[in-house]
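Dear colleague,

I am handing over the structure we spoke about, and my notes on what was found in it follow below. Please read them with the coordinates open beside you.

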Amino acid sequence: MRDDIKINERAATISDQIIAKLQNIYDLEIGLDIYNLGLIYEIELDDAGSSRVVLTFTEMGCGCIDSVPNEIKAALVEIEEIKDVEVEIVWAPTWKMNRISRFGRISLGISPR
């Protein structure tokens with residue numbers, strides 16, 4: 001799991017599965033998945049299987065604001081331990097390009113630093 005994503009202990013136990021699902025959800029305008037783009041800020045999972053995902057978007061006018069939360073919900077409930085998903089969109093802290101992972105930078109043709 002990325003160091004810049006806050007994740008609770010229960011979610012961390014299945015983080016590989018969560019990451020795999022998030023890497024299949026794309027910001028189609030940019031052409032990169034939401035995980036490597038750095039849109040995910042926080043992931044929680046409680047004992048009852050309820051998950052909470054906090055994310056942002058690159059801008060308020062992002063064309064995927066309506067679709068991505070539904071895609072996250074649909075993808076994460078495919079994981080056995082997750083029964084339902086709440087997606088919270090936040091605008092602070094503001095997304096910045098430095099949230100793009102090294103893999104994401106290479107994929108987009110941006111210097112990996």
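Trp91 is partly exposed, with a relative accessible area of 33%, and please bear in mind throughout that the model is predicted. A search of the whole structure finds 1 aromatic pair; the ring centres of Phe57 and Trp91 lie 6.4 Å apart with their planes at 40 degrees, so the pair counts as tilted. It links distant parts of the chain, since Phe57 sits in the loop between strand 5 and helix 4 while Trp91 sits in the loop between strand 6 and helix 5 (102–108), 34 residues apart. Phe57, for its part, is buried, at a relative accessible area of 1%.

Trp91 also contributes, together with Met60 and Ile89, to a nonpolar surface patch of about 300 Å². Met60 is found in the loop between strand 5 and helix 4 and is exposed, with a relative accessible area of 62%.

Turning to the charged residues, a search of the whole structure finds 7 salt bridges. One of them joins Asp4 to Arg99, with the closest N and O atoms 3.4 Å apart; because Asp4 lies in the segment before strand 1 and Arg99 in the loop between strand 6 and helix 5, this pair ties together parts that are 95 residues apart in sequence. Asp4 is partly exposed, at 30% relative accessible area, whereas Arg99, at 12%, counts as buried.

Another salt bridge is formed by Asp47 and Arg10, whose closest N and O atoms are 3.9 Å apart. This pair, too, links distant parts of the chain, with Asp47 in the loop between strand 4 and strand 5 and Arg10 in helix 1, 37 residues apart. Asp47 counts as exposed, at 71% relative accessibility, while Arg10 is partly exposed, with a relative accessible area of 32%.

The side chains of Glu44 and Arg52 likewise meet in a salt bridge, at 3.2 Å from N to O, and salt bridges that share partners join Glu42, Glu44, Arg52 and Glu88 into one network. Within this group, Glu44 is partly exposed, with a relative accessible area of 28%, and Arg52 counts as partly exposed at 22%. Glu88, which has its place in strand 6, is partly exposed as well, at 28%; leaving aside its neighbours within four places in sequence, Glu88 is in contact with Arg52, Val53, Val54 and Leu55.

In helix 2, the buried residues are Ser15, Ile18, Ile19 and Leu22, and, seen down the helix axis, they fall within an arc of 100 degrees, so they line one face of the helix. Their cover includes strand 1 (6–7), helix 1 (9–12), strand 3 (32–33), helix 3, strand 4 and helix 4.

In helix 4 (residues 68–76), Val68, Pro69, Ile72, Ala75 and Leu76 are buried, and these residues cover an arc of only 130 degrees around the axis, which puts them on the same side of helix 4. What covers them includes helix 2 (15–22), strand 2 (26–27), helix 3 (34–37), strand 4 (40–45), strand 5 (50–55) and strand 6 (84–89).

How values were computed. Residues are numbered from 1 along each chain as its sequence is written. This is a predicted model: local features need pLDDT of at least 70, side-chain atom pairs count only at pLDDT 80 or more; totals for chains, interfaces and linings use all residues. Side-chain values use heavy atoms; hydrogens and water are left out. Buried means under 20% relative accessible area, exposed over 50%, partly exposed in between (1.4 Å probe, protein chains only). Helices (H or I, at least four residues) and strands (E, at least two) are DSSP runs, numbered from the N terminus. The arc is that of the directions from the helix axis to the C-beta atoms. Contact means heavy atoms within 4.5 Å. Patches are made of residues with over 30% relative accessible area and no salt bridge: like charges are joined within 9 Å, nonpolar side chains (Val, Leu, Ile, Met, Phe, Trp, Tyr) within 5 Å. Accessible areas come from the Shrake-Rupley method with a 1.4 Å probe; for residues, only the protein chains shown count as cover. A salt bridge is a side-chain nitrogen of Lys or Arg within 4 Å of a carboxyl oxygen of Asp or Glu. Rings of Phe, Tyr and Trp (its six-membered ring) pair if their centres lie within 6.5 Å; planes under 30 degrees apart count as stacked, over 60 as edge-to-face and the rest as tilted.
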